[in-house]
Amino acid sequence: MMKFTHRQPTLLKEKPLNKALKTAPVIGVVLLMLNGLPAAVGATDTAAAEAEALASEEAARDALMGDVRAYLKRIEAQESSDGAFAPGLTEDLLGLGLALQRNGDHEQAVRIFKRGIHLSRINEGLYSRRQLALLEGEIASHIALGALSEADERQRYLYRVQAKTLSDVTRGQALMEHALWQRQAYEAGIGEDPFARLVNMWSLYRFALSEFAKVEGETSPMLLPPLYGMLRAQYMLSGFVGETTSGRYRTGGVYGDEESRQIGYRSQSYKHGNAVIRAIYDIQVAQSDVTLKDTAEVLLLLGDWQYWHGKRAEALDTYAQLYGELEETEAAQALREQLFASPQPLPGLAGVRALPQHSGEQEGRLLLEFGVSERGRVMDVVRLDDHMHNDEKAGDIINRLRRTPFRPRIDDGLPVETEGLRWAYDTSAW
């Protein structure tokens, strides 16, 4: 079992930001296109610019077709001299597939990639490393064609080949990519068991963490990306609905048959999340260039995790500890103001944010005024704009806002009610 050494941060003298984290499990538990033309451009200039753009586009297509023809000629020559199963064909088939892909001919690209994979298996065995680029190309073309089930099947095969051919850091990076795919497949509703996608996402990030730790050491910053991935997985396993990998936002709840399983998983998820945050903290404080902001944000991450899970008393203790420690210098006080001066929607972790980014008070086509109680509940939502034609999008944002828990504003170490918040949204981009 891996154990992290714990170094006390020296940023706040005898007041380390780790009191709330001391009892959390160590990492061993965790290892379980064109721009618009200016309005002033005249008709002649516009026509010239359009002609130039079309000529450039045509030249690019011609270059791509030249690549395709060149690869076809080389493949034909090899087949004539060495036969249809010549080992050297694999690289040219990869090049041809990628050229077809760049030209938008994904159906033909899939056929070429598959042929390259077949040849590689014949000449080099079932799990040759040469297959990897071909498989990745095939998957990309399946996705471009909207053939997500086929992409998912090939992704599973890619995983098996990588497991046999990669090691150490490259294996860890591949595991990270598969974890991301599990989330994307979950969001797309691929397969009959969406909940299993989230469990796989968690496991793959955990395996990546183990691979990186073996090579880079237990305090390497390379361990942070899989740890944050694991925390995102735990938010989703505990019922999060919001930001997707595409930057959009899910509006529905959990998939029908997931709900009872997620309820049963919730307490376990809370423990796992605590362990992940402890590991993130241990790595942060082990860095020679660690800053006050780094360690403060991890403790805030812990408080938000506690609040998200309904552990209000524990969360308020965490917030109060951090609030009290950010007082000794002007820089610490400025950071405290930044973190606690206004309520914040939960979760606020990149990749699992609850709400789209709002803009200034008078910008956007939807302007809302609301308050947040001392318990983090949204209250008194009022719509102030007069763009009533976008009621569907506006209603979605309003409903999401009302359902979202907030970290309340903290003043003098205590949660307080906040009134008169004004947030604007550009619904045309949402």
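**Valine 381**

Leaving out residues up to four places away in sequence, valine 381 touches Glu369, Phe370, Ile398, Leu401 and Arg402; contact means heavy atoms within 4.5 Å. I then placed valine 381 in strand β3, residues 378-383. Helices (H or I, at least four residues) and strands (E, at least two) are DSSP runs, numbered from the N terminus. Valine 381 counts as buried because its relative accessibility is 16%. The classes are buried for under 20% relative accessible area, exposed for over 50% and partly exposed in between, with a 1.4 Å probe and protein chains only. From valine 381 to leucine 368 I noted 6.8 Å, C-alpha to C-alpha, at 13 residues apart in sequence.

**Ground rules**

Residues are numbered from 1 along each chain as its sequence is written, and side-chain values use heavy atoms, with hydrogens and water left out. The model being predicted, local features need pLDDT of at least 70 and side-chain atom pairs count only at pLDDT 80 or more, while totals for chains, interfaces and linings use all residues.

**The sheet around β3**

I traced an open sheet of three strands in the order β3-β2-β7, with antiparallel pairing. Two strands pair if DSSP finds at least two bridges between them. β3 and β7 (418-425) stand at the edges with a single partner strand each, so one side of each has no neighbour in the sheet. Ignoring direction, neighbouring strands of this sheet are turned by 25 degrees against each other on average. Axes here are lines fitted to C-alpha atoms, for helices over the stretch in contact, and angles run from 0 to 180 degrees between N-to-C directions.

For β2 and β7 I found six bridges in the antiparallel sense. One entry on β7: tyrosine 425 is the bridge partner of leucine 366. Helix α14 (residues 391-403) packs on the sheet and touches β2, β3 and β7. The direction of α14 makes about 165 degrees with that of β3.

**Backbone entries**

I checked aspartate 380, also in strand β3, and found phi near 55 degrees, a positive value in a residue other than glycine. Aspartate 380 counts as exposed because its relative accessibility is 63%. Aspartate 168, in helix α7 (residues 168-188), has phi near 60 degrees, again positive in a residue other than glycine. At a relative accessible area of 40%, aspartate 168 is partly exposed.

The peptide bond from leucine 346 to proline 347 is cis, with omega near -5 degrees. I placed proline 347 in the loop between β1 (344-345) and β2 (366-372). For reference, most residues other than glycine have a negative phi, and most peptide bonds are trans.

I looked up isoleucine 143 in helix α5, residues 131-144. Isoleucine 143 is partly exposed, at a relative accessible area of 39%. Leaving out residues up to four places away in sequence, isoleucine 143 touches Leu148, Ala151 and Trp181.

Helix α3 (residues 89-102) packs with α5 at an angle of about 20 degrees, the axes being 10 Å apart. α3 and α5 are therefore roughly parallel; the classes are under 35 degrees for roughly parallel, over 145 for roughly antiparallel, 65 to 115 for roughly perpendicular and oblique for the rest. I listed the contact residues as Thr90, Leu94 and Gln101 of α3 with Ala133, Leu134, Gly137, Ala140 and Ser141 of α5.
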